[in-house]
Amino acid sequence: MTPPRIRPLTEADLDAVVALVASLKQHGSPTRGTAADAATLREAFLRAPTGHLLVADDARGPLGYVTLHTTYETEFAARGFYIGDLYVRPEARRSGLGRALLAAAARLAREEGGSFLWWTARPGNAAAHAFYRALGAEDEPIRAFALTHDAFDRLASDPAA
């Protein structure tokens, strides 16, 4: 079996990555948000990139992916990257692939002037928490908020703001 490689998303990956995204969504928040399709991934990461999507694959095809985009944190007085998604197919977990994806993300961030990675995790995902701690990541007592759908539209349309 060929060892996995990590590389940027290509047009040929779109359908397989859509399936990985759907699997992550089913595991995380199946009733929230909108499912990504090939067209939205193409637009977001190939045509008018809003960030990066790295794919981990081997002879079987894509096994996982990570998305990241730039941010600036005044706390660190530095540019860094926010990890949106990190996903590895269940049968490929505990093989070092998640670590390899995050290492590739860190290298890419450093190449683009970043000095940190930041991400969130669901409170009940103990396996992910243990994995992140083993990498040296620090827990932060933060509650994440998301303004979406109708609430987003209302605020964006507020003439007083």
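Predicted model: local features only at pLDDT ≥ 70, side-chain atom pairs only at ≥ 80, totals over all residues.
The largest nonpolar core comprises 19 residues, of which Leu54, Val66, Leu68, Ile83, Leu86, Leu97 and Leu101 touch the most other members. At least two residues of this core come from each of strand S2 (52-58), strand S3 (61-73), strand S4 (78-88), helix H3 (97-111) and helix H4 (126-135). The greatest contribution is that of H3, which supplies 7 residues. Another core lies apart from the largest one and has 13 residues, including Leu9, Val17, Ala38 and Tyr87. In soluble globular proteins, nonpolar side chains tend to be buried together.

The surroundings of Leu86 illustrate the contacts made by one of the core residues that touch the most other members. With residues up to four places away in sequence not counted, Leu86 touches Tyr65, Val66, Gly98, Leu101, Leu102, Phe131 and Tyr132. Of these contacts, Val66 and Leu101 are also among the core members with the most contacts to other members.

Aromatic rings form 5 pairs in the model. One of them joins Tyr65 and Tyr87, with a centre-to-centre separation of 6.4 Å and an angle of 45 degrees between the planes, and is tilted. Tyr65 belongs to strand S3 and Tyr87 to strand S4, so this pair ties together parts that are 22 residues apart in sequence. Both Tyr65 and Tyr87 are buried. The pair of Phe131 and Tyr132 is likewise classed as tilted, because the ring centres are 5.5 Å apart and the planes stand at 50 degrees. Phe131 is partly exposed, given its relative accessibility of 28%, whereas Tyr132 is buried, with a relative accessible area of 13%. Ring pairs also bring Trp119 into a cluster with Phe131 and Tyr132.

A total of 7 salt bridges is found in the structure. Side chains of opposite charge can pair when their charged atoms come close. In the salt bridge between Asp13 and Arg7, the closest N and O atoms are 2.6 Å apart. Asp13 is located in the loop between strand S1 (5-8) and helix H1 (14-28). The relative accessible area of Asp13 is 5%, so this residue is buried; Arg7 is buried as well, with a value of 13%. Neighbours within four places in sequence left aside, the contacts of Asp13 are Arg7, Pro8, Val55 and Pro62.

Glu91 is bridged to Arg89, with 2.6 Å between the closest N and O atoms. For Asp139 and Arg133, the corresponding distance is 2.8 Å. Asp139 has a relative accessibility of 57% and therefore counts as exposed, while Arg133 is partly exposed at 43%. Through shared partners, salt bridges join Arg5, Arg7, Asp13 and Asp57 into one network.

Arg42 provides another example of a buried charged side chain, as its relative accessibility of 18% is under the 20% limit. This residue is part of helix H2 (residues 38-47). Apart from neighbours within four places in sequence, Arg42 is in contact with Glu11, Leu14 and Arg47.

On the surface, Leu147, Phe152 and Leu155 make up a nonpolar patch, and their accessible area together is about 290 Å². Phe152 sits in helix H5 (residues 149-156). With a relative accessibility of 45%, Phe152 lies between the limits of 20% and 50% and so counts as partly exposed.

The C-alpha atoms of Tyr72 and Ala130 are 26 Å apart in space, and the two residues are separated by 58 residues in sequence.

Conventions
Residues numbered from 1 in each chain as written. Heavy atoms only, no water. Patch = residues over 30% accessible without salt bridge, like charges linked within 9 Å, V, L, I, M, F, W, Y side chains within 5 Å. Areas by Shrake-Rupley, 256 points an atom, 1.4 Å probe, with all protein chains shown as cover. Salt bridge = Lys/Arg side-chain N within 4 Å of Asp/Glu carboxyl O. Helix = DSSP H or I, 4+ residues; strand = E, 2+ residues; numbered from the N terminus. Buried < 20%, exposed > 50% of the residue type's maximum accessible area, 1.4 Å probe, protein only. Core = buried A, V, L, I, M, F, W, Y, C linked by side-chain atoms within 4.5 Å. Contact = heavy atoms within 4.5 Å. Phe/Tyr/Trp six-rings, centres within 6.5 Å; stacked < 30°, edge-to-face > 60°.
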